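Welcome, and thanks for opening your viewer. Let's take a walk through the molecule together, one selection at a time.

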Amino acid sequence: MKTLVIAEHDNGALKPETSKTINAASKLGFDIDVLIAGTKLGAMSEKAACIEGVTNVLTSDNTLYEHQLAENMAELVLSIADDYTHIVASATTTGKNFMPRVAALLDVAQISEIIEVVDSETFKRPIYAGNAIATVKSLDNKKVITVRASSFDLQNEQSPANISALEAANDVQLSDFVSVEQTESERPELTAAEVVISGGRGMQNGENFALLNGIADKLGAAIGASRAAVDAGFVPNDMQVGQTGKIVAPNLYIAVGISGAIQHLAGMKDSKVIVAINKDPDAPIFQVADYGLVADLFDVLPQLENAL
Amino acid sequence: MKVLVPIKRVIDYNVKARVKADNSDVDLANVKMAMNPFCEIAIEEAIRLKEAGTATEVIAVTIGAKAAQEQLRTALALGADKAIHIETDEKLESLHIAKLLAKLVEQEAPELVILGKQSIDSDNNQTGQMLAALTKRSQGTFASKVDINGNTVSVTREVDGGLQTVALKLPAIVTTDLRLNEPRYASLPNIMKAKRKPLDVIAADSLGVDLTPRVELIKVEEPAKRSGGIIVEDVAQLVEKLKTEAKVI
């Protein structure tokens with residue numbers, strides 16, 4: 001019984017999801033190997049080797065995996081899958097992309113976005129936009145699992161484990177990377193931030209999102225958005241929090257001008273403390289908010305910035 | 001080119017799912033059902049490809065109980081040319097669905113299959129990727145833009161941190177994200193016309209796919225309830241509470 005965790009990174013730095021996913025994997029109770037595939041792996045593999053519970057770090061330094069395209073990533077994982085009973089990745093857009101491909105190639109089911117490990121074959125996962133929690137048992141010999149990183153803590157450190165390089169890479173030549181358009185931001189990453197402040201349709205336009213900047217700066221917060229705000233073109237889609245966007249669970253979540261539709265709540269209702277600022281006292285967001293302020297956001301946001 | 005669009009009948013997205021009293025599953029009796037929102041986007045994209053002259057035929061397919069034919073009729077009313085119902089009363093998993101679809105891909109040989117990125121009931125986000133694996137095709141998941149040029153399809157994908165564009169070799173599998181398009185409504189004349197369009201029914205167990213469950217559903221529970229909060233008077237009180245009571249700032 002051995003677990004393989006596939007690292008989430010951006011060719012230079014490990015993402016916090018990797019550590020959280022290793023935390024989830026450690027609850028399975030087996031030795032853990034970590035696979036890092038991409039480029040500029042040096043510092044990252046050393047960092048991964050120092051995450052508690054990691055026995056081996058396997059590296060595949062190849063431009064073939066630089067953008068982690070599903071077709072080639074799946075082949076790489078498949079090439080070493082024989083050694084493992086559990087294959088685990090974080091449920092980021094990268095993990096969600098290649099892991100089901102791995103599962104199908106292994107002819108096993110995938111258990112998506114687990115939030116709890118009950119035992120090595122039983123897991124809890126949210127369904128119906130988080131309105132129900134299913135306990136599921138995998139009947140396959142091999143378990144392919146993705147982890148909702150926000151449900152697990154960062155893993156402790158240890159003295160470094162072994163690092164070894166994998167050989168041979170196989171290009172299946174089905175797809176090519178063309179380009180990437182990154183949203184530039186100095187703020188903490190949405191899924192890892194301790195504090196998140198999000199704006200909704202009530203912000204009225206993209207310029208008004210600037211009202212959140214000062215508050216976000218003072219709190220060291222990431223800025224999120226509801227689907228309504230994204231669909232209206234106020235902000236780019238990678239800021240979206242919800243069932244179809246990012247799942248966050250910060251210490252403090254401030255929802256500004258967000259009504260609180262089911263699909264938005266699915267992305268943030270596990271936050272420790274929720275604050276809602278909305279002028280409609282009947283908005284569903286107040287049913288999940290620990291602290292609600294019924295007021296016009298345009299009056300309140302400058303006040304809040306000054307008060308912090 | 002021929003385009004295949006698998007769709008799923010799910011609980012209407014506005015309905016809050018309720019867990020059964022015996023914790024065996026979610027209660028779907030007398031609940032409003034509809035086409036999965038991501039599948040609507042998939043149909044819309046296929047129809048647009050047809051209107052642009054790129055697609056020659058759009059086939060909608062669903063796998064499930066007889067009632068799912070309602071959603072196939074919706075797809076036909078939106079502009080699909082024909083529909084295929086793979087009938088089963090079993091509750092199937094993504095891998096089973098992908099295997100059944102792979103059989104259909106073999107039979108129909110579509111150059112493009114467009115699926116929703118996830119269904120809003122099981123929230124698995126697996127079927128398209130699994131279908132791509134089983135048919136050894138390229139995959140463009142979470143698509144917000146799809147452009148076909150000759151033998152390749154360029155797909156702009158919504159990824160954490162921004163947008164990524166990939167070029168896929170055709171035949172390919174694409175899964176839709178919400179911002180790919182805005183689905184149209186079916187007009188009454190089109191709904192009437194859809195009743196006369198072909199809808200073939202195939203029994204799921206006639207396709208030679210092993211449908212043995214791989215995952216056992218042990219129980220379904222309500223998520224932990226959040227305790228009701230308080231309404232504060234003003235910003236000063238809010239900041240005060242966050243500092244001294246919640247201690248989060």
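Start with Glu221(B), which counts as partly exposed because its relative accessibility is 23%. Before you move on, keep in mind that you are looking at a predicted model.

**Stop 1: Two salt bridges in chain B**

Next, select Lys225(B) and Glu222(B). Here is another salt bridge, with 3.5 Å between the closest N and O atoms. Is Lys225(B) buried or exposed? With a relative accessible area of 70%, Lys225(B) is exposed.

**Stop 2: A salt bridge in chain A**

Now go to chain A and pick Lys96(A) and Glu113(A). They form a salt bridge in which the closest N and O atoms are 3.3 Å apart. Lys96(A) sits in helix H4 (residues 93-105) and Glu113(A) in strand E5 (residues 110-114), so this pair ties together parts of chain A that are 17 residues apart in sequence. Both Lys96(A) and Glu113(A) are buried.

**Stop 3: A network**

Select Asp107(A), Asp140(A), Lys99(B) and Arg214(B) together. A network of salt bridges links these residues. How many salt bridges are there over all chains? A search of the whole structure finds 29.

**Stop 4: Empty space inside**

Next we look for gaps. Rolling a probe the size of a water molecule over the atoms shows where empty space is left. In this model, the count comes to 6 cavities of 30 Å³ or more. The largest cavity has a volume of about 400 Å³.

To find the largest cavity, select Thr93(A), Lys96(A), Gly245(A), Lys246(A) and Asp160(B), which lie nearest its centre among the 28 residues of its lining. Which elements give two or more residues to the lining of the largest cavity? They are H4 of chain A and strand E8 (152-159) of chain B.

**Stop 5: An enclosed helix**

Move to helix H2 (residues 69-78) of chain B. Of its 10 residues, 7 are buried, so the helix is largely enclosed by the rest of the structure. Colour the buried ones to see them: Gln69(B), Gln71(B), Leu72(B), Ala75(B), Leu76(B), Ala77(B) and Leu78(B). Then step on to Gly79(B), which follows H2(B) and has a positive phi, near 135°.

**Stop 6: A buried serine**

Select Ser94(B), in helix H3 (residues 94-108) of chain B. Its relative accessible area is 9%, so Ser94(B) is buried. Which residues is Ser94(B) in contact with, leaving aside its neighbours within four places in sequence? Show Asn124(B), Gln126(B), Thr127(B) and Met130(B), and you will have them.

**Stop 7: A nonpolar patch**

Finish at the surface with Leu188(B), Ile191(B) and Met192(B). These residues form a nonpolar patch there, with about 280 Å² of accessible area together. Click on Met192(B), which belongs to helix H5 (residues 188-194) of chain B. With a relative accessible area of 42%, Met192(B) is partly exposed.

Terms used: Residues are numbered from 1 along each chain as its sequence is written. Chains are lettered from A and ligands numbered from 1 in the order in which they are written. This is a predicted model: local features need pLDDT of at least 70, side-chain atom pairs count only at pLDDT 80 or more; totals for chains, interfaces and linings use all residues. Side-chain values use heavy atoms; hydrogens and water are left out. A salt bridge is a side-chain nitrogen of Lys or Arg within 4 Å of a carboxyl oxygen of Asp or Glu. Helices (H or I, at least four residues) and strands (E, at least two) are DSSP runs, numbered from the N terminus. Buried means under 20% relative accessible area, exposed over 50%, partly exposed in between (1.4 Å probe, protein chains only). Patches are made of residues with over 30% relative accessible area and no salt bridge: like charges are joined within 9 Å, nonpolar side chains (Val, Leu, Ile, Met, Phe, Trp, Tyr) within 5 Å. Accessible areas come from the Shrake-Rupley method with a 1.4 Å probe; for residues, only the protein chains shown count as cover. Contact means heavy atoms within 4.5 Å. On a 1 Å grid over the protein atoms alone, a cavity is a set of points where a 1.4 Å probe fits but cannot get out, and a pocket is an open set with protein on both sides within 12 Å along at least five of seven lines; lining residues have an atom within 4 Å of a point. Grid points are joined across faces, edges and corners, and a volume is the space filled by probe spheres set on the points.
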